[in-house]
Amino acid sequence: MEQIPIPCSVLRGGTSKGFYFLSEHLPTDKALRDAQLMAALGSPDPRQIDGMGGAHPLTSKVAVISRSSRADIDVDYLFLQVWPDRAEASDSQNCGNILAGVGPFAIERGLVPAQAGTTAVRVWMQNTQTRAVVHVHTPEGRVSYFGAAQIDGVPGTHAPIFIDFLDIAGSTCGALLPTGQPVDVVEGIPVTCIDNGMPVVCIAASAVGVTGYERPRQLEDSAALTAQVEKIRLSAARLMKLGDVTDTTIPKMCLVSEPINGGAINTRTFIPHRVHEAIGVLGAVSVATACVIDGSVAANTARIDGVGDGRRELQIEHPTGHFNVMIDVTSGTGGVVVNRASLQRTARLLMRGEILIPDPRGAAPA
C-alpha cells in the first residue's frame with residue numbers, strides 16, 4: 001500500500017477550520033501521531049500543497065476526540081496546532097473556536113446521544129485540564145447546522161452553539177493574574193498579563209506607536225513593530241511562569257485601543273507572529289476579563305460601565321467585526337474570581353471521509 005487512509009471530518013469551528021479525528025484512529029505514540037498529522041495537512045510547507053491544510057494557522061488545526069472515562073464528562077478533546085511552515089504539531093495551547101465543532105462531531109460520531117432540541121456535550125479540554133459545556137442545536141434528535149446566528153468573520157448564518165467555560169482561570173499559568181498584579185512594565189511598556197483560558201498580554205496600541213485600527217497585514221509588515229512585540233512577549237512570558245516561549249504559540253499579544261463601533265474595546269491580536277483576522281475565543285475571554293479588572297491596561301482603555309463584580313456582556317471589537325463574551329466575576333480577599341464565561345459560536349460540518357497520507361514504507365519496487 002502506497003498510502004494510508006485515516007477517517008477524518010473537517011469542520012469550521014467559529015472562525016477557524018479544523019480536522020477532527022477519533023483518537024482510536026491515530027497512533028498512541030506521540031511522535032508517530034504528529035508525523036501522520038503533519039503529513040495529512042502538508043507540513044512543513046508554507047503552501048501545504050501536498051496536504052489538506054489551508055496554508056494559514058487558522059486553517060491548519062486538529063482536534064483529537066475520544067470518549068471520556070470521567071463520570072461527569074462526555075468526551076476528551078486535545079487540540080493540536082499544526083504549523084504550515086515548520087514540522088511541529090503543538091499542544092501548548094487550547095482553541096475555543098475548534099471547541100465549537102467538538103460537540104457536533106461527538107454527536108455525529110455517536111459518542112454522545114442527541115437529545116430533542118438541544119444537546120449539552122460536556123468536554124474535558126486536555127490542553128488546559130479544564131471543563132466546558134458545548135450546547136448543540138439538535139432538533140428531531142440530530143445535529144442541525146442551519147439557523148439565524150451570525151458571527152463576524154464567517155459569511156452567512158448558522159445554528160447557534162453556546163459554550164460555557166467553567167473553570168478556566170489560570171489554566172495555563174496557574175493564576176488569573178500570573179504576576180499577581182494588574183499592570184507590569186515589560187521592556188519599558190505597561191502591560192497586563194492575564195490567563196482566563198488563554199495566556200494573553202494586553203498592550204495599549206499607542207504604547208507601541210500604532211493606532212490599533214490598522215489592518216492585520218499592515219501590522220505584520222512592520223518589522224520594527226513585530227520585533228518589539230516579540231521582545232515584550234518573550235520577557236512577559238517569564239513573568240507569567242511560561243519560561244522560554246521562543247518556539248511556542250503563547251502568550252498571545254493583544255494591542256488594545258478604544259472601541260470605534262459601540263463595543264467595549266478594540267483589539268489586534270498577534271498569534272503570535274501573524275495577526276488574527278478576528279480574535280480567538282479564549283483570547284477574547286481573557287481580554288474581556290481584563291476589561292473588568294480595576295487598573296489593568298484593558299480596563300483603562302475600555303468603555304464600559306465601571307469595573308468589578310457582576311455579570312455583564314462585553315463586545316470585543318476585532319478586524320472583521322466583534323465578539324460578544326458574557327462574563328460573571330466577583331471580588332474577594334484573594335482578588336477577582338471568575339464564576340463563569342459564556343459565548344456564542346457556530347460550526348458547520350464540511351467533509352467526512354478519509355484523509356490519505358504517504359505510507360512511510362514507500363511503494364514496493366517494480
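Predicted model: local features only at pLDDT ≥ 70, side-chain atom pairs only at ≥ 80, totals over all residues.

Reader: Thanks! So which strand gives the most to the lining of the largest pocket?

Author: That is E15, with 5 residues.

Reader: And how much space lies in that largest pocket?

Author: About 240 Å³. The lining is made of 15 residues, and the closest to the pocket's centre are Ile151, Glu313, Phe323, Asn324 and Gln344.

Reader: Which elements give two or more residues to the lining?

Author: Strand E8 (161–165), strand E15 (321–332) and strand E16 (335–345) do.

Reader: Nice. Changing topic: how many aromatic pairs does the structure hold?

Author: There is 1 aromatic pair. The ring centres of Tyr20 and Phe105 are 5.8 Å apart and the planes are at 35 degrees, so the pair counts as tilted.

Reader: Where do Tyr20 and Phe105 lie?

Author: Tyr20 is in strand E2 (residues 16–22) and Phe105 is in helix H2 (residues 96–108), so the pair ties together parts that are 85 residues apart in sequence.

Reader: Are Tyr20 and Phe105 buried or exposed?

Author: Tyr20 is buried, and Phe105 is buried too.

Reader: What lies over the face of Trp83?

Author: Arg86 does, at 4.5 Å from the ring centre.

Reader: Let's move to the backbone. Which peptide bonds are cis?

Author: One of them runs from Ser43 to Pro44, with omega near 0 degrees. Another joins Ile271 and Pro272, where omega is about -5 degrees. For context, most peptide bonds are trans.

Reader: Where are Pro44 and Pro272?

Author: Pro44 sits in the loop between helix H1 (30–41) and strand E3 (61–67). Pro272 is in the loop between strand E13 (265–270) and helix H5 (281–291).

Reader: Which residues have a positive phi without being a glycine?

Author: Gln48 is one of them, with a phi of about 50 degrees. Ala55 is another, at about 65 degrees. Gln48 is in the loop between H1 and E3, and Ala55 is found in the loop between H1 and E3 as well.

Reader: Why does Gln48 count as buried?

Author: Because its relative accessibility is 1%, and buried means under 20%. Ala55 has a relative accessible area of 31%, so Ala55 is partly exposed.

Note on methods: Residues numbered from 1 in each chain as written. Heavy atoms only, no water. Helix = DSSP H or I, 4+ residues; strand = E, 2+ residues; numbered from the N terminus. Buried < 20%, exposed > 50% of the residue type's maximum accessible area, 1.4 Å probe, protein only. Phe/Tyr/Trp six-rings, centres within 6.5 Å; stacked < 30°, edge-to-face > 60°. Lys NZ or Arg CZ within 6 Å of the ring centre and 35° of its normal. 1 Å grid on protein atoms, 1.4 Å probe; cavity = no way out; pocket = protein on both sides within 12 Å on 5 of 7 lines; lining within 4 Å. Points joined across faces, edges and corners; volume = space filled by probe spheres on them.
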